[in-house]
Structure formats: C-alpha cells, structure tokens
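Hi everyone, thanks for making time for this.

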Amino acid sequence: MRYFAQRFLQLVVVFLIVTFVTMVAIQAASKDPARDLAGPLNSTEARVEEIRKHYHLDRAYPIRYAYWLKNLVTVDLGNSPTLGASVRTLVGQRAPITLLLGLYSIVLALAISLPVAVYAAYRRDGPFDRFISGATFAAVSLPNIILAVLLGYFFATRWRIFPYAASKIWPWDNPGEHFKNVALPTVTLAVGLVAIFVRLLRSDLVNTLQSDFIVMARAKGLSPARILWRHALRSSLFSLMTSVALQFGGILGGAVVAEQIFALPGMGLLLFQAVQQKDLLVVQACAALFALAVVIINFAVDMLYAVVDPRIRHARALG
Amino acid sequence: MSDTVIEIPSRPNIITSLVRRIPPLRKWKFGLVLSVSYIVVLTFLAVFANVLPFVRRYNVLPKGAEARRLASYRGKPSSEYWFGNDKLGRDTFARSVYAAQKTLTIGLASIVAALVIGGLLGMLAGYYRGWYDRVLSVIFDVLLAFPAIVLALIVVGRFFQGGRLNLGVFEMDKRFFGVIVVLTLLSIAPLARIVRAQTLSLSQREYVLAARGLGASSWRILVREILPNLLPAMFSVAFTGLAVLLVAEGGLAFLGFSVQLPFPTWGFMINEARSDLTKGGGWAVFFPCVLLFLTVLAFNVIGDRVARRFDIREATL
C-alpha cells in the first residue's frame with residue numbers, strides 16, 4: 001500500500017511540475033502574453049488590459065498557476081482567440097480523434113503482430129522467422145516521416161484510394177468514410193508498432209517455448225496450436241502488454257507528425273497550430289492533457305507490475 | 001626461504017580493461033560490414049564535403065543557359081547531377097552530402113551529451129538510491145511527460161531563434177544548437193533509466209562489496225568498478241539512440257523546428273520537396289529519404305550487433 005501511495009504522490013508531483021514549467025516557459029517565451037491572448041484582430045489597449053486582468057497575467061507566476069489550476073478543476077480554461085472557441089470545446093472536439101487514432105493503430109498492430117510472432121517463434125530460425133526478423137528490423141528503422149510521405153503520395157495523390165486532407169467524420173455518422181479518413185495515419189503509426197511488438201513477443205515466446213511446462217504439454221499430446229495459443233502465448237503476454245500501454249502513451253504524444261502530414265484534426269494538429277499561432281492557453285491545455293495521459297499510463301503500468309509481481313512493490317518500497 | 005616476489009598486477013586503465021573484455025570477432029557478419037562501410041563512406045563525404053571536387057555546386061543556383069538546360073532534366077539523375085536537382089536547379093547530391101554533415105553532427109552531439117548527462121544522473125540514482133533516486137526519478141518522469149513539440153517550441157522557438165551563438169571557443173548557428181539541446185533533453189530520461197537499472201544491479205555485485213570493504217570511496221567505486229561495466233551497454237545504446245535521434249530530427253524538421261537554410265538536414269530536404277512530388281520533384285525527395293533510412297538502419301544494425309556481442313538485453317530504447 002505504501003508503494004501505491006508513493007507512486008501516486010510521484011504522479012501528482014510530476015503532473016504539477018510539467019504543467020507549471022510549461023506555463024512559465026511559454027508565457028515567458030512570449031513578449032506580452034496578454035497581447036497574444038487578445039488575438040491579432042481586436043487588440044485595442046483596453047482589451048489587452050482587460051485580458052491581462054481576466055487571466056491574472058499581472059500577477060506572479062505561482063499565483064497565475066494557482067488560478068490556472070483552479071480553472072483546470074472547473075474545466076473552464078478560457079478562450080482561444082485564433083480559433084474562436086473555448087479551450088474546452090476545442091479539446092473536446094479534437095481529443096477523441098487522437099484517442100481513436102491511437103486505438104486503431106494499436107488494434108491493427110496487434111492483429112498483425114500476434115499471429116506473425118507466434119508463427120515465427122513456432123518455426124524458430126526457419127525461413128519465415130528469418131524473413132520476419134529482417135523485415136521488422138527494417139520497419140523499426142523506417143522513419144515515420146518517410147512512411148507518411150510515401151503513403152500519402154501513392155495512396156492519396158497518385159492512386160486516390162484514400163483522401164489526403166482528411167476531414168473529421170465520426171464513426172457513428174458514416175463508418176466507411178471515417179475509416180477511409182483515418183486509414184493512412186493509422187497505418188503510418190502502426191507499421192513501427194508491428195515491428196516492435198513482433199520482436200518483443202517473438203523473443204518472449206521463444207524463451208517460454210523452452211520451459212518445462214511446454215515439454216509437459218507436448219508430452220500430454222496437446223496439439224501445437226493449443227500449446228502455442230493457450231499455454232505459451234498467455235505466459236508471454238506480460239511484457240507485450242507493458243509495451244502496448246507505453247506505446248499508447250507515446251502515440252498520443254507522437255501523433256503530431258502523422259496528423260500534420262495527413263491534416264487530421266486531432267490533438268496533435270491542435271497543439272501544432274496553437275504553437276504556431278501563439279495560442280498560449282491551448283498550448284497549456286494540450287501539454288497538460290498529454291502529460292496527464294503519459295503519467296497515468298506510466299502509473300498504470302507500474303501498478304500492473306506490482307500487482308503481478310510482489311517482489312517489485314517490496315523492493316521499491318524499501319529502496 | 002626463497003626470495004618469492006609477489007607480483008602485484010598493475011591496474012589497467014578503463015579503456016584497456018574494456019578492450020580486453022571485448023570478445024574477439026570470430027565472424028564478421030555481412031550486414032555489419034555493410035553498415036560500417038556505409039557509415040565510414042558517409043562520414044568521409046560529410047567531413048570532407050568542403051574540399052571534395054564532386055560535391056562542389058552546393059547551393060549554387062544555375063543561371064542562363066545552364067538553367068534552361070536543367071529545365072529539360074526535370075530533376076532526373078544524370079552523370080553530372082548524380083541525384084538530380086530540385087525545382088530551383090540545385091544539386092541534390094551536393095545538398096544531401098552537406099545535409100549529412102548537419103544531420104550527423106546534430107545526432108552525434110545530442111547522443112554524446114545525453115549519454116554523459118543521463119549516464120551520470122542514472123549512475124547517481126542507481127548507486128545512492130534513497131532520496132537521490134526519488135528526486136531524479138521525478139525529473140526523469142517530468143522529462144518523459146513533456147510533449148516534444150512544446151519543448152521544441154520553447155527551446156528552438158524562443159531561446160535559440162536566430163543568429164550566431166558565441167561560446168567563446170567556437171561559434172555556431174543558434175538554431176542548430178537549439179535542435180541539439182532539444183534532442184538531448186528528449187533522450188536524457190530514457191538513457192538515464194537504462195543506466196540506473198544497470199547500476200542498481202551492478203552495485204549489488206561481490207566486487208563492489210569487496211571494494212567497499214577495502215575502504216574505497218564511493219567515487220572510486222563508481223568510476224573504477226561500475227563505470228567500466230556500464231560502458232558496453234552505453235556503447236550499444238549510443239548507436240541505437242543515434243538512430244532514434246536521426247528520426248526525431250526528421251520529425252522536428254517536418255514541424256519546422258529544425259535548422260534553417262542554408263544548412264538543410266535530410267528531414268528538412270524531404271519536407272521542402274514533398275509538395276513537388278507530383279511536379280517531377282520525386283528524386284529530390286527520394287534520395288534524402290533513402291539516405292536517412294539507410295543511415296538509421298546502419299546505426300541500428302551496429303547497435304544490435306554490439307548488444308549481442310556483449311549479451312545486453314536491457315539496452316533497447
């Protein structure tokens with residue numbers, strides 16, 4: 001229990017530090033935050049002063065931060081001058097897209113990598129295993145920008161199978177169009193994931209297949225399929241699950257490039273545009289959300305470890 | 001009583017003890033040979049780009065009759081322009097070589113800086129544990145939870161906007177330095193975590209206990225007992241990390257947070273020419289893409305080989 005409390009405290013501290021540093025850094029980076037927040041159009045002197053008062057920009061950073069935290073709790077994070085909407089609405093519109101994108105790429109990657117890894121481990125050092133080993137190595141080394149440019153050129157510009165400038169269509173409105181829109185960014189993110197998952201699961205499976213209970217299962221006369229999918233896979237899934245969780249956190253932060261190239265209006269694109277247009281409150285909100293996602297996922301992974309392996313929670317609580 | 005001389009072996013220094021620990025390369029793998037030679041050739045080109053005769057025309061815009069003649073090339077590779085030229089008629093090969101110079105310098109500088117800082121912090125956290133570990137872990141978590149693009153905005157967008165940076169001994173482009181700072185900050189935490197985990201297990205080993213029993217100071221233990229055993233893993237991580245950083249630099253270049261002209265990187269070149277893909281600019285995108293991919297692949301192959309040679313499993317980023 002002490003370990004849980006310790007980790008939770010650390011989570012809160014990390015979140016506070018990240019949001020505080022973000023706030024100070026981007027507001028200090030701006031020449032006059034109030035003028036940026038007033039927007040480029042209606043920036044009369046009186047309006048700027050009003051904004052300065054409203055967002056407490058004339059106060060010291062810790063006080064500003066306290067007000068910001070209060071606003072965060074009440075989910076009222078102010079308005080974006082450039083996009084003409086409240087930060088809450090913007091985030092509410094954009095966040096589900098990135099979440100879906102992350103979810104799709106993880107599901108796609110798992111659907112491909114599970115059978116591939118199982119078969120590669122089953123026929124270890126065979127031709128298929130060697131081919132997969134080489135292919136995943138190449139895929140790990142393929143920068144996502146190259147993949148995105150190639151996919152965009154061939155599938156969107158040349159063959160026109162998928163749209164380039166993706167628009168926002170919800171899956172419950174029009175599933176076909178929705179999946180067409182997110183297909184290319186999903187594949188961009190999934191290729192690297194497939195490679196990581198296959199390599200991880202294959203090496204774990206190879207280790208598991210050498211253990212005694214597999215020999216036992218084989219001696220009992222169980223079919224190879226049953227041994228692979230029921231016995232070996234289940235006990236090899238642990239590090240894969242960890243990796244899935246951590247990669248999901250990585251995707252939420254790393255979707256910027258994919259969303260920017262395919263013009264998919266998710267959180268990454270929102271953050272990118274906000275950064276370019278000095279939309280300080282949106283940047284702060286996005287950074288806070290990303291940090292929150294990463295921190296919570298790390299916490300969940302730690303807890304998962306601790307629940308499964310009691311040695312960890314004792315060792316770390318002592319250390 | 002015979003005169004026995006007890007010979008006290010002199011301690012070899014870190015480098016020789018490390019070199020002695022490298023198992024001999026019995027079989028040079030094909031992939032490794034290919035990767036190393038590719039990197040050597042690339043480094044040679046990058047280092048001597050300024051003096052090599054065949055990479056002259058860097059950033060030279062063709063004029064007059066030359067420009068008209070180039071228009072008929074439509075950017076295709078030829079005996080004169082090996083990688084073709086971009087829409088402005090600039091030599092893609094020469095630009096790629098100069099970009100190699102910038103890209104490799106950025107990657108190398110960031111990974112070395114990150115290894116030194118992350119290695120030191122990781123060793124402190126893993127060896128002293130307790131409060132050191134707790135405080136440093138929070139710092140690592142903060143670095144990991146920071147969105148890369150916000151970091152890039154703050155560092156490159158504000159503190160290293162433009163102009164020259166004068167550090168007394170040497171002078172460089174401010175943005176160039178800013179990119180290195182961003183990539184270093186991004187890679188400190190993962191590297192420090194690897195080093196911390198390794199230090200944690202190494203400091204429980206018998207020879208460390210023995211050294212402590214003999215009254216060695218903590219610094220001596222860290223530098224003479226633990227560091228030499230960390231070096232193989234750090235060496236392997238340096239290559240894989242370099243590969244990751246090259247990709248990350250490409251991403252930054254795509255978002256407009258990398259270097260500025262007249263110093264392109266490969267990511268910059270890809271981003272610059274990708275809007276002309278349909279207008280015959282394919283070659284200007286193709287060659288930087290191939291170079292970037294091959295370089296990342298080569299560093300991954302080398303890192304993988306080093307890791308296997310030393311039997312390191314933790315050293316994956």
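Let me start with chain B. Among its contacts with a separation of 6 or more, 72% are between residues 24 or more positions apart. Please keep in mind that what you are looking at is a predicted model.

What is chain B built from? It has 11 helices and two strands. If you follow the chain from the N terminus, the order reads α-α-α-α-α-α-β-β-α-α-α-α-α. As for burial, 45% of the 317 residues of chain B count as buried.

There is also a record to compare with. An unreviewed UniProt entry gives the annotation "transmembrane region" to residues 30–52, 106–128, 135–156, 176–195, 230–263 and 283–303 of chain B. Let's see how two of those spans look in the model. Residues 106–128 of chain B are 100% helix and 0% strand, with 33 Å between the end C-alpha atoms. Residues 135–156 of chain B come to 91% helix and 0% strand, and there the end C-alpha atoms are 27 Å apart.

Now over to chain A. This one has 13 helices and two strands. Its C-alpha trace spans about 85 × 60 × 35 Å along the principal axes. Of the 319 residues in chain A, 39% are buried. For contacts in chain A with a separation of 6 or more, residues 24 or more positions apart account for 69%.

Chain A has its own annotations. UniProt, again in an unreviewed entry, lists residues 97–122, 134–156, 182–201, 237–262 and 282–308 of chain A as "transmembrane region". In the model, residues 182–201 of chain A are 100% helix and 0% strand, and their end C-alpha atoms are 27 Å apart. Residues 282–308 of chain A are 100% helix and 0% strand too, with the end C-alpha atoms 39 Å apart.

Let me pick out a few places in chain A that you can find on your screens. Go to A:Ala117, in helix α5 (residues 87–122) of chain A. Is A:Ala117 buried or exposed? It has 27 C-beta neighbours inside 10 Å, so A:Ala117 counts as buried. Leaving out residues up to four places away in sequence, A:Ala117 touches A:Val198, A:Leu201, A:Arg202 and A:Leu205.

Next, look at A:Tyr55, in the loop between α3 (45–54) and α4 (61–73) of chain A. A:Tyr55 has 20 C-beta neighbours inside 10 Å, and therefore counts as buried. Setting aside neighbours within four places in sequence, A:Tyr55 is in contact with A:Leu37 and A:Gly78. From A:Tyr55 to A:Val301 there are 246 residues in sequence and 37 Å in space, C-alpha to C-alpha.

Just after α9(A) comes A:Gly221, with a positive phi of about 90°.

That leaves the question of how the two chains meet. Across the interface, 34 residues of chain B are in contact with 35 residues of chain A. Which helices of chain B supply at least two residues each to the side that touches chain A? They are α5 (130–145), α6 (148–159), α9 (218–254), α10 (266–273) and α11 (282–309). Sorted by class, that side of chain B has 23 nonpolar, six polar and five charged residues.

Let's zoom in on one helix pair. Packed helices are described by the angle between their axes and the distance between those axes. Helix α1 (residues 2–29) of chain A packs with α5(B) at an angle of about 55°, and their axes are 9 Å apart. That angle makes α1(A) oblique to α5(B), and the crossing of α1(A) and α5(B) is right-handed.

Who meets whom here? From α1(A) come A:Gln10, A:Val13, A:Val14, A:Ile17 and A:Val18, and they meet B:Val138, B:Asp141, B:Val142 and B:Ala145 in α5(B). By class, the contact of α1(A) with α5(B) has seven nonpolar, one polar and one charged residues.

That's my tour, and I'm happy to take questions.

How values were computed. Residues numbered from 1 in each chain as written. Chains lettered and ligands numbered in written order. Predicted model: local features only at pLDDT ≥ 70, side-chain atom pairs only at ≥ 80, totals over all residues. Contact = placed C-beta atoms within 7 Å. Helix = DSSP H or I, 4+ residues; strand = E, 2+ residues; numbered from the N terminus. Nonpolar A, V, L, I, M, F, W, Y, C, P; charged D, E, K, R; others polar. Buried ≥ 20, exposed ≤ 12 C-beta atoms within 10 Å, placed from the backbone. UniProt positions renumbered as here; feature names shortened; annotations may be inferred. Axes fitted to C-alpha atoms, helices over the stretch in contact; angles between N-to-C directions. Parallel < 35°, antiparallel > 145°, perpendicular 65-115°, else oblique. Left-handed = near helix turned anticlockwise from the far one by under 90°.
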